[in-house]
Amino acid sequence: MGRRTLVAVARPDGRYDCRLAHWGVDADPIAQSRPLGNDWTPAAVLAAIDATHEQLVVLDGSVRTYAVCWLDPMLSAIDDIALARTADPESFRQWWVDRKDAACRALDSEGCDPAAVRRALLASLRNRASSVHCPDDASFLRGDR
């Protein structure tokens with residue numbers, strides 16, 4: 001499936017036209033993606049994202065990139081994610097993969113509590129990213145960034 005990216009293009013009415021890219025995006029997210037749907041609410045944009053996505057790109061006068069970070073150390077709850085805003089998606093992604101791998105190894109080898117590992121992952125994310133949003137927080141899509 002590649003590096004799935006959801007591209008949300010803001011409309012003047014506060015809704016979004018959404019696009020999907022299977023191999024990531026860089027300088028021109030619109031040209032590198034295909035239409036997915038029009039007239040989405042901020043909540044619908046967030047509802048469409050799960051751990052099978054690598055990033056969310058929001059175009060609303062500027063380009064904002066959010067890494068999709070899977071928090072579930074048991075790797076079973078595909079919707080247990082957080083969105084972390086980053087200016088450097090590639091290095092952030094590498095950091096997150098390394099951090100997540102270490103957490104999963106600790107879970108396997110040290111018998112850590114999955115809930116504690118998840119809390120530690122989320123804390124690490126909040127310390128590293130400029131902002132972190134859970135799937136029930138669409139404020140950053142309503143201009144409340």
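In helix 3, the residues Val 117, Leu 121, Leu 122, Ser 124 and Leu 125 are buried, where buried means under 20% relative accessible area with a 1.4 Å probe and protein chains only. Seen down the axis of helix 3, these buried residues fall within an arc of 160°, so they line one face of the helix; the arc is taken from the directions from the helix axis to the C-beta atoms. The face turned away from the buried side carries Arg 119 and Asn 127, which are exposed (over 50% relative accessible area).

This is a predicted model, in which local features need pLDDT of at least 70, side-chain atom pairs count only at pLDDT 80 or more, and totals for chains, interfaces and linings use all residues. Residues are numbered from 1 along each chain as its sequence is written, and side-chain values use heavy atoms, without hydrogens and water.

Helices (H or I, at least four residues) and strands (E, at least two) are DSSP runs numbered from the N terminus.

| Partner of helix 3 | Residues |
|---|---|
| Strand 5 | residues 63–70 |
| Strand 6 | residues 81–85 |
| Helix 2 | residues 89–110 |
| Strand 7 | residues 131–133 |

Helix 2 also supplies six residues to the lining of the largest pocket, the largest share. Strand 5 and helix 2 each give at least two residues to that lining.

Terms used
Contact = heavy atoms within 4.5 Å.
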